[in-house]
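I'd like to walk you through a structure, so please have the viewer open.

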Amino acid sequence: MWIAGFSRVVLAGLILIATAANAQTADRNAADAALVGRVKDTVIKELGESGAIDRAVDAGIARYIERQRAEAEQRERREADKRAAALRPVTKGRDHIRGDAAAPVTLIEYSDFECPFCKRFHLTAKRLVDESKGQLKWVYRQFPLDELHPGKARKEAVASECAAEIGGNGAFWKFADRFFELTPSNNRTDIDTVLPQIAGEIGLDKSRFASCLDSGKHDQRVAEDVKDAVASGGQGTPWSFIVSKSGKKYPLSGAQPYETVKQLFELALEKK
Amino acid sequence: MNLRIAFGQVFAHPSYAILAGLLAILAFLLAVWFPNFGLIGEVFAESTTPLSTALGIALSLLGGIATNFSLLSAGYTIAIAILFGLTTAMIVFVVKRRRIAAVGQSIAIGSGAAASGVLGIGCAACGSLILGVVLPFLGAAGALAALPLQGEEFGILSVVLLFVSLLLTSRGIAQSIACPLVGAPTADTANSV
């Protein structure tokens with residue numbers, strides 16, 4: 001009997017203790033939540049007033065922009081590498097080469113006979129090859145811009161190929177040198193007079209030259225060069241690459257100064 | 001007259017003179033380096049290329065203004081850079097004083113001038129930019145040959161537009177300091193009170 005009474009007392013005590021403990025926990029939780037709320041408000045207020053949030057947001061934006069920029073740069077570089085890889089390798093049978101064919105550095109130029117900047121760049125490239133002591137060879141490829149120089153640039157490109165066919169590599173370069181020397185550029189060349197005149201001056205058989213010009217047999221070759229120029233990223237003339245022996249390619253757009261081309265040649269020479 | 005007053009107002013503050021100078025230099029660098037951004041990126045990104053070499057190449061490319069531009073295109077490229085610097089600094093001056101409405105037209109014309117300038121500078125060398133990007137997009141590549149200056153007209157147009165924009169901005173600045181506030185008491189009305 002007393003055991004049952006004792007048990008009831010103990011049970012009631014336990015319930016009381018548990019209830020009190022629960023009440024205490026609830027009070028503490030409420031106090032903690034209020035404290036957390038106050039701390040949060042204070043921290044946010046402090047951060048707001050000190051400008052830390054603004055700075056953090058700014059830093060986040062800056063990091064995002066930087067990431068985007070780096071990705072864009074990488075994309076651009078991959079594209080450039082792809083374009084450079086599209087450049088047709090130099091072959092002695094196919095290409096017009098000036099200088100030592102075994103030279104470690106190569107200047108590949110896509111050029112238009114009616115472009116005044118190509119005329120200017122022709123002298124720059126010639127001077128560099130002459131001064132390079134066999135370290136630089138110059139490859140000339142056709143890039144007539146029909147949109148700018150309709151009817152003439154392409155015919156002149158074909159004429160230079162005819163010169164090469166009849167007189168060999170030397171005749172090609174004689175033709176190019178003399179053409180740029182003689183003509184005013186910008187589609188003002190009187191091709192009916194100038195082309196036979198140059199052919200005669202450089203010692204080509206004039207009738208063979210004329211029939212070659214009319215045959216259209218080099219049209220395809222010129223078209224292939226134009227296609228190569230565009231595939232490698234060319235958007236205007238002169239469009240060039242300075243290529244090291246190891247194959248590193250530096251693209252160069254326009255008739256840039258002698259100093260620039262020389263520095264690029266020296267840089268490419270170091271890459272061998 | 002407006003131009004002189006506005007110049008006096010704006011460039012009396014050295015910060016605006018510096019801003020105009022920096023913007024002009026930036027525009028010039030962009031114009032001359034534009035065809036060779038790829039090359040510049042290449043030489044600077046290459047870890048084996050000494051910084052001095054990369055800088056030397058970038059600086060030497062500035063000589064392109066003499067070799068890769070005609071006399072006309074070099075002239076308008078420099079003029080565009082200077083006018084762009086001046087106009088933008090003056091627009092910033094006005095905007096900072098919260099009088100954007102006064103230069104709204106100038107900003108619109110200036111934007112047109114910038115677009116035309118890009119085309120003009122793109123036409124400086126044989127075909128660059130114009131040939132490769134803009135004209136095929138517009139379907140008008142052949143039209144370039146029909147222009148008497150083969151696209152350099154865009155550069156000249158840009159100079160004219162920038163100059164108009166500069167004049168309008170100047171007028172906005174000069175008139176804002178010359179005109180009395182509407183409804184404000186004049187000397188007569190003030191005396192009569």
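Predicted model: local features only at pLDDT ≥ 70, side-chain atom pairs only at ≥ 80, totals over all residues.

Before anything else, a word on how elements are named: helices (H or I, at least four residues) and strands (E, at least two) are DSSP runs, numbered from the N terminus. With that in place, look at the end of helix 6 of chain A, which is followed by A:Gly216, a residue with a positive phi, near 75 degrees.

Residues are numbered from 1 along each chain as its sequence is written, chains are lettered from A and ligands numbered from 1 in the order in which they are written, and side-chain values use heavy atoms, with hydrogens and water left out.

Let's stay with helix 6. I'll call a residue buried under 20% relative accessible area, exposed over 50%, and partly exposed in between, using a 1.4 Å probe and protein chains only. In helix 6 (residues 206-215) of chain A, the buried residues are A:Phe209, A:Cys212 and A:Leu213. Viewed down the axis of helix 6 of chain A, these buried residues fall within an arc of 100 degrees, so they line one face of the helix; the arc is that of the directions from the helix axis to the C-beta atoms. The face turned away from the buried side carries the exposed residues A:Ser207 and A:Asp214. What covers the buried side? Contact here means heavy atoms within 4.5 Å, and the cover over the buried residues of helix 6 includes helix 4 (153-182) and helix 5 (191-201) of chain A.

A:His122 sits in helix 3 (residues 116-131) of chain A, and at 2% relative accessibility A:His122 counts as buried. Setting aside neighbours within four places in sequence, A:His122 is in contact with residues including A:Arg98, A:Trp138, A:Trp173 and A:Phe180. The other spot is A:Pro238, in the loop between helix 7 and strand 4 (239-243) of chain A. A:Pro238 is buried, with a relative accessible area of 0%. Its contacts, not counting residues up to four places away in sequence, include A:Tyr110, A:Phe117, A:Phe121 and A:Ser253. For A:Pro238 and A:Ser253, 15 residues apart along the chain, the C-alpha atoms are separated by 6.4 Å.

On to charges. A salt bridge is a side-chain nitrogen of Lys or Arg within 4 Å of a carboxyl oxygen of Asp or Glu, and over all chains the structure holds 18 of them. One joins A:Arg69 to A:Glu66, with the closest N and O atoms 2.8 Å apart. These two are three residues apart in helix 2 (residues 52-85) of chain A, so about one helical turn separates them. As a reminder, an α-helix has 3.6 residues a turn, so residues three or four places apart point the same way. A:Arg69 is partly exposed at 42%, and A:Glu66 is partly exposed at 41%.

A:Arg88 is buried at 18%, and A:Asp95 is buried at 5%. Both belong to a network of salt bridges that also links A:Arg94, A:Arg141, A:Glu224, A:Asp225 and A:Asp228.

Finally, chain B, which has eleven helices and zero strands. Buried residues make up 42% of its 193 residues.

How many residues does each chain bring to the contact? Chain B gives 36 residues and chain A gives 30. The area buried between chain B and chain A is about 2600 Å², with carbon and sulfur atoms giving 57%; buried area is the accessible area (1.4 Å probe) that two parts lose on being put together, summed over both. Across this interface the rule finds three salt bridges. One of them pairs the side chains of B:Glu42 and A:Lys248 (2.6 Å, N to O). On the side of chain B that touches chain A, the elements giving two or more residues are helix 3 (37-45), helix 4 (51-61), helix 5 (64-67), helix 8 (130-138) and helix 9 (143-146) of chain B.

That's my tour, and I'm happy to take questions.
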